[in-house]
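User: I would like to learn how to read pockets and helix packing in a model. Please take me through one.

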Amino acid sequence: MRRLAALIAIAATVTPAALAADGRTLFQQGCANCHGLRGNGVPGRGPSLHGSGAAAADFYLSTGRMPLEDSDAEPQRARPQYSRQHIDALVAYVASLGGGPEIPTPDPNAGSVSEGMRLFADSCSGCHQIQGKGGVVTGGFSPSLQSASTKQIYEAVRIGPYVMPAFDEKHLSNEQLASIAKYVRSTRHPDDRGGWGISNTGPVPEGMVTWLLGAASLLVVARVIGKGRES
């Protein structure tokens with residue numbers, strides 16, 4: 001207990017300015033090559049981070065989308081390259097540059113699954129598919145949402161990563177966003193009351209599998225009947 005209290009006391013003494021200073025050092029070591037020493041961006045490599053905000057930095061770093069080895073590649077989810085402590089420091093530094101959405105603190109119990117499904121179908125399923133499994137869109141790939149945390153879903157909606165449009169509270173309120181996040185989480189363990197879910201990849205591929213299985217069954221039946229007549 002004394003050790004825990006000591007660690008809490010030490011953490012409490014780390015001021016936002018000190019955290020941002022640590023983040024600045026990490027930024028110059030791992031990010032400045034593309035985003036510039038002061039986060040002003042480098043033409044042809046990376047954009048300015050002034051005005052991007054804490055939520056954007058937290059999203060890209062916590063999902064392993066940054067840093068990129070190839071600045072021309074689409075950022076995709078991967079294992080984070082920084083520890084949580086270092087991510088917090090980098091986020092504090094990017095936040096000190098000003099502007100942009102703050103990191104959300106969503107309530108995972110808030111929202112309605114049915115309302116979330118309606119909103120997701122209207123605003124998100126065109127790219128991410130109704131089951132949140134992702135797909136191909138013009139100019140890139142729409143990622144699967146099956147590994148996204150509630151906080152990361154909130155961040156993505158507010159910042160609009162890569163080619164995804166950003167939705168502010170005028171277009172999607174926090175209450176509506178809570179329902180969308182709750183629906184996305186529900187797609188990870190669906191109740192397949194109708195039978196075999198086939199990984200819940202959607203009606204088109206599932207329908208193709210059904211047709212292929214049906215055609216194969218008909219071929220087997222035809223072969224059995226043909227052998228019967230031959231004998």
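User: How much space lies in the second largest pocket?

Analyst: On a 1 Å grid over the protein atoms alone, a pocket is an open set of points with protein on both sides within 12 Å along at least five of seven lines, and lining residues have an atom within 4 Å of a point. A volume is the space filled by probe spheres set on the points. Here the second largest pocket holds about 540 Å³. It is lined by 29 residues, of which H128, S142, P143, P161 and M164 are the closest to its centre. This is a predicted model: local features need pLDDT of at least 70, side-chain atom pairs count only at pLDDT 80 or more, and totals for chains, interfaces and linings use all residues. Residues are numbered from 1 along each chain as its sequence is written, and side-chain values use heavy atoms, with hydrogens and water left out.

User: Which elements supply at least two residues of that lining?

Analyst: Elements are DSSP runs numbered from the N terminus: helices (H or I, at least four residues) and strands (E, at least two). For the second largest pocket they are α6 (113-123), α7 (125-128), β2 (140-142), α8 (150-159) and α9 (174-186). α8 gives the largest share, four residues.

User: How does the lining of the second largest pocket divide by class?

Analyst: Ala, Val, Leu, Ile, Met, Phe, Trp, Tyr, Cys and Pro count as nonpolar, Asp, Glu, Lys and Arg as charged, and the others, Gly among them, as polar. The lining has 21 nonpolar, five polar and three charged residues.

User: What is the volume of the largest pocket?

Analyst: The largest pocket has about 640 Å³. Among its 27 lining residues, H35, P47, L49, Y60 and M66 are the closest to the centre. Two or more lining residues come from each of α2, α3 (32-35), α4 (54-62) and α5. The largest share, four residues, is from α4. By class, the lining has 19 nonpolar, seven polar and one charged.

User: At what angle do α2 and α5 pack?

Analyst: Two packed helices are described by the angle between their axes and the distance between the axes. Axes are lines fitted to C-alpha atoms over the stretch in contact, and angles run from 0 to 180 degrees between N-to-C directions. For α2 (residues 16-30) and α5 (residues 84-96) the angle is about 100 degrees, and the axes are 7 Å apart. That makes α2 roughly perpendicular to α5 (65 to 115 degrees).

User: Which residues meet there?

Analyst: Contact means heavy atoms within 4.5 Å. From α2 come L19, A20, D22, G23, R24, L26 and F27, and from α5 come H86, D88, A89, L90, A92, Y93 and S96. They divide into eight nonpolar, three polar and three charged.

Key: Parallel < 35°, antiparallel > 145°, perpendicular 65-115°, else oblique. 1 Å grid on protein atoms, 1.4 Å probe; cavity = no way out; pocket = protein on both sides within 12 Å on 5 of 7 lines; lining within 4 Å.
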